[in-house]
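The text then goes through them in turn.

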Amino acid sequence: LFLGNKCAKAAAIFAVLCNGLAFAAAGTLAFHYFSSDFAPQKAILFDHTFIPFVGDLVARIGMLVDPLSVMMLVVVTFISFMVNIYSIGYMREDRAAGRFFALLSLFSFSMLGLVIATNLFQMFIFWELVGVSSYLLIGFWYHKPSAVSASKQAFILTRFADSFFLLGIVLVSYVVGSFDFSTLNSLSLIDFQKQFINLGLVTIPKSEALVLGSILIFTGGWGKSAMFPMHIWLPNAMEGPTPISSIIHSATMVVAGVYLVARLFPFFAICDNALTLIMWVGAFTMVFAAVIACTQKDIKRILAYSTLSQLGYMMFALGACKIGQVVAVTGWTASTFHIFTHAFFKCSLFLIAGSLIHQVGTNDLDAMGGLGKKMKLTYACTLISILAISGIPPFSGFFSKDEIILAAFQGHHYVVFGLALLTSGLTTFYMFRLFFLAFHGEPRHEGVKAGHVHEDFAMTLPIAILAIPAFLSG
């Protein structure tokens, strides 16, 4: 930020180096963690008292290390590193590139703080920082009224959902006396059934207050992950620069809602019907978004609705774990695995879309065509990412999507299982529709016909690197 727009090149180099260092640190941590005997355990690397409230209720700041947080650290830092490299090419001619790299780094910082949080209070602070960062980046080109409108819509709608999240945090911490994930994930409702709480107008058992609190907390994730009907901000968020669309959709903002449910999964599992609500919200969003994606001609909007559909997969998998009174973990494993694989191929697809838009000058698929011969490496990387998102073996998406569909079947949720299979077919249809319209056929744009299209090295390099985990990370 201090380097400013006059030293945009220096700001870009500094941002890339810092993000590269963060990825190296996360990779080193992951290597040592998973190669040691300590791997399945949880550890709090530091724990600092932030705000002491009444009695024993204390808000703390710490760093939680467990398989889920370590996986997310690697994903967020790697995606951020790739997006920063890509942005050197994408923002080369932009006069405000210095501000862009500063805000992009703030976005990464906010998401990293969220995934290492040890408690709900710390998570909420970084949850809001993620929202602020997305607001600033979606409205980055503030001279465009559409960008300003989209940024306000995203911020206000997610704040609406976050107000319920905050209310849930207040209610649950009042009942339990703690914000810590370890405490919330080890509760038993039986301990609270004979205890009552006065909510002003009514007095209810503490067990019912916890169920209400779980639904309020989930509402925060509902808005952040843009589940129906709070999905309307996500397609409009495409008004920001394409690198921002890429990082929002693959590793930061929208994944935060799924991460929240995964992090508090044992807590949601003990609360009556909370997982059932999560399953149906996810399942409906999955089908709904896939159908809309089939009708779009804007390349970034197709990918935006595709993200919504994939988030629906992740969310319903978490909810499909409840089989009567028994909770199976297949869905939890599959959902968090899909966060991992989805990040690579979705980031790649958005960066590819940005590269095509950069060359052709339009988002409209009808104006593309014939790009396969001009952009051969991009063509190959696109095919890999589309095969991955379509769930074709042996590409990465097959392994995680197949586990999600299996979780629905094993949980005897046969309607959801059928919807998941249908959506998988729709995904393949609209992604290959995008592929053929953009890369095959005769050129429909004057720039392509004249041979002005070429591959920018700074933009193609991260796309090529991302193709490797898109293929192999399964």
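F23, F78, F81, F340 and F344 form one aromatic cluster. Rings of Phe, Tyr and Trp (its six-membered ring) pair if their centres lie within 6.5 Å; planes under 30 degrees apart count as stacked, over 60 as edge-to-face and the rest as tilted. By this rule there are 34 aromatic pairs. Helices are DSSP runs (H or I, at least four residues), numbered from the N terminus.

This is a predicted model: local features need pLDDT of at least 70, side-chain atom pairs count only at pLDDT 80 or more, and totals for chains, interfaces and linings use all residues. Residues are numbered from 1 along each chain as its sequence is written, and side-chain values use heavy atoms, with hydrogens and water left out.

Next comes burial. Buried means under 20% relative accessible area, exposed over 50%, and partly exposed in between (1.4 Å probe, protein chains only). Y379 has 24% and is therefore partly exposed, whereas F439, at 4%, is buried. In helix α10 (residues 253-263), eleven of the eleven residues are buried.

P243 belongs to helix α9 (residues 242-250). Its relative accessible area is 0%, so P243 is buried. P243 is in contact (heavy atoms within 4.5 Å) with residues including V83, S87 and F100. P243 and S87 are 156 residues apart in sequence, yet 6.4 Å apart in space, C-alpha to C-alpha.

Conventions
Helices (H or I, at least four residues) and strands (E, at least two) are DSSP runs, numbered from the N terminus. Lists of a residue's contacts leave out its neighbours within four places in sequence.
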